[in-house]
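Biologist: I have a structure open and want to learn how to read it. Can we go through it feature by feature?

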Amino acid sequence: MIPAKAYAAVSAAKPLKPHRLERRDPRPDDVVIEIAYCGICHSDIHTARSEWGPTAYPCVPGHEVVGTVVATGRHVRRFKPGDLAGVGCFVDSCGACAPCRAKEEQFCTRHVAFTYNGTELDGTTPTQGGYSTHIVVREKCVYRVKKGVPLARVAPLLCAGITTYSPLKRYRIGKGHRIGVVGLGGLGHMAVKFGRALGAHVTVFSTSPGKERDARKLGAQAFVLSTKATNFEPLAGSLDFIIDTVSAKHDFTPYLTTLKNDGTMVLVGASPEPNEVLPMPLIMGRRRLTGSLIGGTRETQEMLDYCFKKKIYCDVEVIPATAINKAYERTIAGDVKYRFVIDAATF
Ligand code: NAP
Ligand code: ZN
């Protein structure tokens, strides 16, 4: 076994604290990674606090992982010790169902082994995430990371990056499109960067007036303070697409009314509370309200390679492990520019 230092949530109400893990020795198709950085996603907070349902404690969160390969199983071909590698939101899947064959493993119909608060394919061994010094992952769920890239700024691509890239690609967003990004946090700031890189006109909807300057620096051409209803009026029927990254309950209606006929609003923000949806803004204009879940292995590697080529990285604040609980509070308060990333050397 491989001893690893970590931080774990031990109950919904208590702060995370130092924790010890034993990672398994590599199986023939496993990759052992010494973690360099792990991002803090709002999903870590929802899970650490059992906001989406009961979490299995102790839980080591973290699914935005980058590091160096230190050992490989004998069947591993794509990695060797010394290579850089990334791990995202899942560490295994059945490999045989239709979504797995299509490399959309996040929708595996048998068993997705999520990176934490899940189980390995045996259905019993708990998975533990990237707030840790080491992780052992099946090769097919490990991504290649180019040498020389800013690793701390790459880590959040493994969730915030792919979650925003995937729907923009699926709905073929590009030149000539006007898109809206709701919420300027970890996911939101990457949606702005990708939207702009793909050639779209980007409007940010935010509850934080202080974020306007950042939104424009990130590439947005317009900013709407979403706390005032009348601010939506000039945009009625003008947008092709909206990506909603908000982590808490909020009214979808004002956003839907800014869509053109047949426009699409994709929810990636996963508020734990139910939402009322008024039918009329969907009926009028035949608008669509849908969702999207991270991305599969093929698209995640494609997104990383696109980012390396275009030098698209996350804006991060690197913190030591001792600052994790404070970072949670600041993330909830919307006070993050725009992703906290833990330096794994500090565990
Ligand atoms: P984050 O960094 O905390 O950003 C969320 C942003 O939403 C905040 O910065 C804030 O932006 C806005 N917001 C927060 N509370 C709000 C409220 N009550 N009303 C209106 N706006 C509010 O979170 P994140 O890491 O980007 O994650 C966002 C959500 O996506 C979470 O629910 C997370 O679990 C989910 N997620 C989903 C997937 C997926 O595959 N679908 C993947 C990763 C994460 P402003 O200050 O600009 O208003
Ligand atoms: Zn995430």
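Biologist: Which side chain does Arg 339 meet in a salt bridge?

Modeller: First, a caution: this is a predicted model. Now the general idea. Side chains of opposite charge can pair when their charged atoms come close. Here, the side chain of Arg 339 meets that of Glu 64, at 2.8 Å from N to O. Arg 339 lies in strand E17 (residues 339-343), and Glu 64 in the loop between H1 and E4, so the pair ties together parts 275 residues apart in sequence.

Biologist: Where do Arg 330 and Glu 317 lie, the partners in another salt bridge?

Modeller: Their side chains meet at 3.1 Å, N to O. Arg 330 sits in helix H10 (residues 324-332) and Glu 317 in strand E16 (residues 316-319), so this pair ties together parts 13 residues apart in sequence. Arg 330 is partly exposed, at 24%. Glu 317 is partly exposed as well, at 26%.

Biologist: Which residues do salt bridges with shared partners join into one network?

Modeller: Arg 24, Arg 27, Asp 30 and Glu 120. Asp 30 is buried, with a relative accessible area of 0%.

Biologist: How many salt bridges does a search of the whole structure find?

Modeller: The search finds 17.

Biologist: Now the rings. How many aromatic pairs are found in the whole structure?

Modeller: There are eight aromatic pairs. In general, a pair of aromatic rings is described by the distance of the centres and the angle of the planes. Take Tyr 7 and Phe 347: their centres are 6.0 Å apart and their planes at 50 degrees, so the pair is tilted. This pair links distant parts of the chain. Tyr 7 is in strand E1 (residues 2-8), Phe 347 is in the segment after E17, and 340 residues separate them. Tyr 7 is buried at 10%, and Phe 347 is buried at 13%.

Biologist: Why is the pair of Tyr 165 and Phe 194 called edge-to-face?

Modeller: Look at the angle; planes over 60 degrees apart count as edge-to-face. These planes stand at 70 degrees, with the ring centres 5.4 Å apart, so the pair is edge-to-face. Tyr 165 belongs to helix H4 (residues 160-170) and Phe 194 to helix H5, 29 residues apart. Both residues are buried. With Tyr 306, they form one aromatic cluster.

Biologist: Helix H5 also holds His 189. Which residue's backbone oxygen lies 2.8 Å from a polar atom of its side chain?

Modeller: That oxygen belongs to Gly 186. His 189 has 0% relative accessibility, so His 189 counts as buried. Beyond four places away in sequence, His 189 touches Leu 184, Leu 218, Cys 314, Asp 315 and Tyr 338.

Biologist: One last residue. Where is Thr 55 found?

Modeller: Thr 55 is in the loop between helix H1 (42-48) and strand E4 (65-72). A loop residue still needs its accessibility checked. Thr 55 has 10%, so Thr 55 counts as buried. Leaving out residues up to four places away in sequence, Thr 55 touches Thr 47, Ser 50 and Asn 117.

Definitions and conventions: Residues numbered from 1 in each chain as written. Chains lettered and ligands numbered in written order. Predicted model: local features only at pLDDT ≥ 70, side-chain atom pairs only at ≥ 80, totals over all residues. Heavy atoms only, no water. Helix = DSSP H or I, 4+ residues; strand = E, 2+ residues; numbered from the N terminus. Buried < 20%, exposed > 50% of the residue type's maximum accessible area, 1.4 Å probe, protein only. Contact = heavy atoms within 4.5 Å. Polar contact = N/O pair within 3.5 Å; in protein donor to acceptor, adjacent residues only side chain to side chain. Salt bridge = Lys/Arg side-chain N within 4 Å of Asp/Glu carboxyl O. Phe/Tyr/Trp six-rings, centres within 6.5 Å; stacked < 30°, edge-to-face > 60°.
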